[in-house]
Amino acid sequence: MTITDSPVDNGVNVQALLAAREALSAAPAAAEFTWRANCTWRNGTHSRSTVAGFTGLGAEQQHRTTYEFDADHPECFASDDHGATPVEIVLVGLAGCLTASVAAVAQHRGIQLRSVTATIEGQMNVLGILGADPDVRNGFDAVTVRFAIDADASSSSRE
């Protein structure tokens, strides 16, 4: 792979990101953000969360639309499987953050991406969550992320 001399377009506006970083560094109070999600229990272990607004830049902000996420547990936990489990939704958020970062860094370094896939796994012993064994930690034991990236970049530019 080689870095190309043609314009790179990974869909990331690096100039705007750098300008925002500079502006927020000069006005640190505006850099304080509070992210929100509202969750409503539906039935059993099924819940629906919505994301509509957040605070940042010193004011209330609104997304263009309200986003909805259903969470539930699979049938093997005697549930109805109406959505991803809450821990899977956490992994989705982390994978999305890391993948967006890859795109932003590649754009900033002039590396054209063709594809980026992040596979993220969280290992846990569910006896902790179920309260079945007080010696088992409640939560992830390990989180592993693997990327498959196809890009116009040399090995040295990926370090």
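1. Glutamate 121, at 35% relative accessibility, counts as partly exposed, a class lying between buried (under 20% relative accessible area) and exposed (over 50%), with a 1.4 Å probe and protein chains only. The side chains of glutamate 121 and arginine 146 meet in a salt bridge at 3.5 Å, N to O, where a salt bridge is a side-chain nitrogen of Lys or Arg within 4 Å of a carboxyl oxygen of Asp or Glu. Because glutamate 121 lies in strand β5 (residues 112–123) and arginine 146 in strand β6 (residues 142–152), the pair ties together parts that are 25 residues apart in sequence; strands are DSSP runs of E of at least two residues, and helices are runs of H or I of at least four, numbered from the N terminus.

2. This is a predicted model, in which local features need pLDDT of at least 70 and side-chain atom pairs count only at pLDDT 80 or more, while totals for chains, interfaces and linings use all residues. Residues are numbered from 1 along each chain as its sequence is written, and side-chain values use heavy atoms, with hydrogens and water left out.

3. Aspartate 70 forms a salt bridge with arginine 48, the closest N and O atoms being 3.0 Å apart. This pair links distant parts of the chain, with aspartate 70 in strand β4 and arginine 48 in strand β3 (residues 46–56), 22 residues apart.

4. Five salt bridges are found in a search of the whole structure, and Arg114, Asp150 and Asp152 are linked in a network of salt bridges.
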